[in-house]
Amino acid sequence: MEMINAIGRRKASVARVYLTKGDGNITVNGKPYQEYFPQKHVQATITDPFATVDVETSIYNLKVNVSGGGFKGQSEATRMAISRALVKLNEEFRKPLKDKKYLRRDARVVERKKYGKPKARKSFQFSKR
């Protein structure tokens, strides 16, 4: 098996994943993913695609380059990229990953601020008198 690469996006984050045969190392920006994402629920987000398709993470090495956004957007972009890489690896993984919506791009982004308002939709206090 050669190297399989895939890309995932979420909010302002872009994640590029390189999947190879190996011994289960997942590195994100040169660090182990437990160190890069210290929160347990965020770590679970990254390993969810493997659990969905019943594949052990110890068979593959993952090298992830992620940039932009915060930790939540980065973890979900990484999840999407890993899912896409697994589908490239085996087309039978598509159905369970698609059912959990891991292959769908979540297009929700922060709404821009409008002039005359302090935030996107919030208005200044109205005074009748």
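Just after helix 2, Asp-54 takes a positive phi of about 55°; helices (H or I, at least four residues) and strands (E, at least two) are DSSP runs, numbered from the N terminus. The model is a predicted one, in which local features need pLDDT of at least 70 and side-chain atom pairs count only at pLDDT 80 or more, while totals for chains, interfaces and linings use all residues. Residues are numbered from 1 along each chain as its sequence is written, and side-chain values use heavy atoms, with hydrogens and water left out.

The expected span of a helix is 1.5 Å times one less than its number of residues. For the 13 residues of helix 2 this gives 18 Å, which agrees with the 18 Å between its end C-alpha atoms. Val-42, Gln-43, Thr-45, Ile-46, Pro-49, Phe-50 and Thr-52 of helix 2 are buried, where buried means under 20% relative accessible area, exposed over 50% and partly exposed in between (1.4 Å probe, protein chains only). Their cover includes helix 1 (33-36), strand 5, helix 3 and helix 4 (94-99), with contact meaning heavy atoms within 4.5 Å.

Five strands form an open sheet in the order 1-2-5-3-4, with mixed pairing; two strands pair if DSSP finds at least two bridges between them. Strand 1 and strand 4 (31-32) stand at the edges with a single partner strand each, so one side of each is left without a neighbour in the sheet. Strand 1 and strand 2 run antiparallel and are joined by seven bridges, and Gly-8 has Ala-15 in strand 2 as its bridge partner. Two residues lie between these strands in their hairpin, where Lys-11 takes a positive phi near 50°. Strand 2 also pairs with strand 5, in the antiparallel sense, over eight bridges; Arg-16 is partnered by Asn-65 of strand 5, and Val-17 by Val-64. Strand 3 and strand 5, by contrast, run parallel and share three bridges. Here Val-64 is the bridge partner of Val-28.

Helix 3 packs on this sheet, touching strand 1, strand 2 and strand 5, and its direction makes about 145° with that of strand 1; axes are lines fitted to C-alpha atoms, for helices over the stretch in contact, and angles run from 0 to 180 degrees between N-to-C directions. Because 14 of its 19 residues are buried, helix 3 is largely enclosed by the rest of the structure.

These elements meet in the largest nonpolar core, where Leu-19, Phe-50, Leu-62, Ile-82, Leu-86 and Leu-97 touch the most other members among 28 residues. Such a core is a set of buried Ala, Val, Leu, Ile, Met, Phe, Trp, Tyr and Cys residues joined through side-chain atoms within 4.5 Å. Helix 3 gives the most to this core, with six residues. Leu-62 touches residues including Leu-19, Phe-50 and Ile-82, when residues up to four places away in sequence are not counted.
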